[in-house]
Amino acid sequence: MSGDNENPTSALRQSHQHILIVVAAPAEATAILGIEDLPAQLAGSWVIHPIDPRTDLLLTGVGKANASAGLAKTFDADRHRVVLSLGIGGSTDSEVLPIGAAALARRSLYADEGLRTADAWRPLGLLGFPPSEAGDDGVPGHAGLAGLLGPMVDAEADIATVSSCSGTDELSARLVRETGAGVEAMEGAAVGHTLCRLLGTGRPPFAEIRVISNRTGDREKQGWDLPRALDRLAEIGRGVREKADELIAAV
């Protein structure tokens with residue numbers, strides 16, 4: 001007798017066919033799920049929440065440590081073929097990326113890991129302590145995914161991952177000067193970096209998308225529009241689910 005149930009290779013191939021969507025905040029999770037209230041099973045410890053036959057959701061909590069630890073605990077190499085970090089972020093240039101726009105990361109980069117002196121910031125890579133084996137301070141987006149995710153967004157940009165967001169014009173300008181980032185967020189590089197550490201060169205393809213909810217800079221002038229950003233994030237979540245088979249096949 002023969003069949004998939006008796007073929008471990010075939011069974012593994014079938015199980016290794018899911019997209020893992022990683023979000024930080026409950027509002028981002030409910031937007032992706034298209035519901036108003038957070039499911040009880042997502043409100044506690046880090047767990048994988050199946051959305052449909054091709055996509056899973058992980059809610060990590062805000063910040064690099066939560067994103068990294070949550071992914072390390074729950075990532076299943078036999079199940080997850082693609083990993084996407086989705087959420088909201090702040091635009092460093094509202095003419096290029098206004099509120100409600102969406103950006104796909106060319107690179108998800110660490111923007112405050114390193115050494116700051118009176119006149120310069122030096123990232124870990126330049127100090128000889130690169131956060132990943134690639135020797136860089138960022139994780140590049142996957143070209144194959146970009147071809148399919150690109151139509152869902154308005155632009156591509158470097159996305160800075162920070163521990164403290166820019167709440168003054170001076171800090172925002174410094175972020176742009178030092179990194180060239182078009183968007184500021186708090187998790188993407190940690191998600192990509194954790195995948196590098198977990199699986200090295202065999203890691204699953206990774207991409208980050210951020211919907212602009214506010215401008216960086218002076219806190220009183222950031223112009224937050226969270227409902228608009230979450231509506232756009234929900235739209236992108238639907239697009240990912242609709243293209244799940246194509247995204248999986250692309251890698």
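Predicted model: local features only at pLDDT ≥ 70, side-chain atom pairs only at ≥ 80, totals over all residues.

**Exercise 1: the cavity**

Task: work out which residues line the largest cavity, and which strands supply them.

Solution. Now sort the lining by class, and you get six nonpolar, two polar and two charged residues. Last, the volume: the largest cavity holds about 30 Å³ of space. With a cut-off of 30 Å³ or more, the count is one cavity.

**Exercise 2: the core**

Task: find which members of the largest nonpolar core touch the most other members.

Solution. The core has 33 residues, and the ones to pick are Ile19, Leu84, Leu149 and Val240. Helix H8 (residues 226-242) is the top contributor to this core, with six residues. A separate core of 14 residues lies apart from it, including Phe75, Ala189, Ala190 and Phe206. Then zoom in on Ile19: skipping neighbours within four places in sequence, its contacts are Arg54, Thr55, Asp56, Val82, Leu84, Val240, Ala244, Leu247 and Ile248.

**Exercise 3: confidence**

Task: decide where confidence is lowest and where it is highest.

Solution. Take the overall picture: mean pLDDT is 87, with 86% of residues at 70 or more. Then go by element: helix H1 (residues 8-15) is lowest at a mean of 43, while strand E10 (residues 183-185) is highest at 98. Finally, check residues 1-14: pLDDT stays under 50 there, and the model has four contacts beyond four places in sequence for them.

Notes
Residues numbered from 1 in each chain as written. Heavy atoms only, no water. 1 Å grid on protein atoms, 1.4 Å probe; cavity = no way out; pocket = protein on both sides within 12 Å on 5 of 7 lines; lining within 4 Å. Points joined across faces, edges and corners; volume = space filled by probe spheres on them. Helix = DSSP H or I, 4+ residues; strand = E, 2+ residues; numbered from the N terminus. Nonpolar A, V, L, I, M, F, W, Y, C, P; charged D, E, K, R; others polar. Core = buried A, V, L, I, M, F, W, Y, C linked by side-chain atoms within 4.5 Å. Buried < 20%, exposed > 50% of the residue type's maximum accessible area, 1.4 Å probe, protein only. Contact = heavy atoms within 4.5 Å. pLDDT = per-residue confidence, 0-100.
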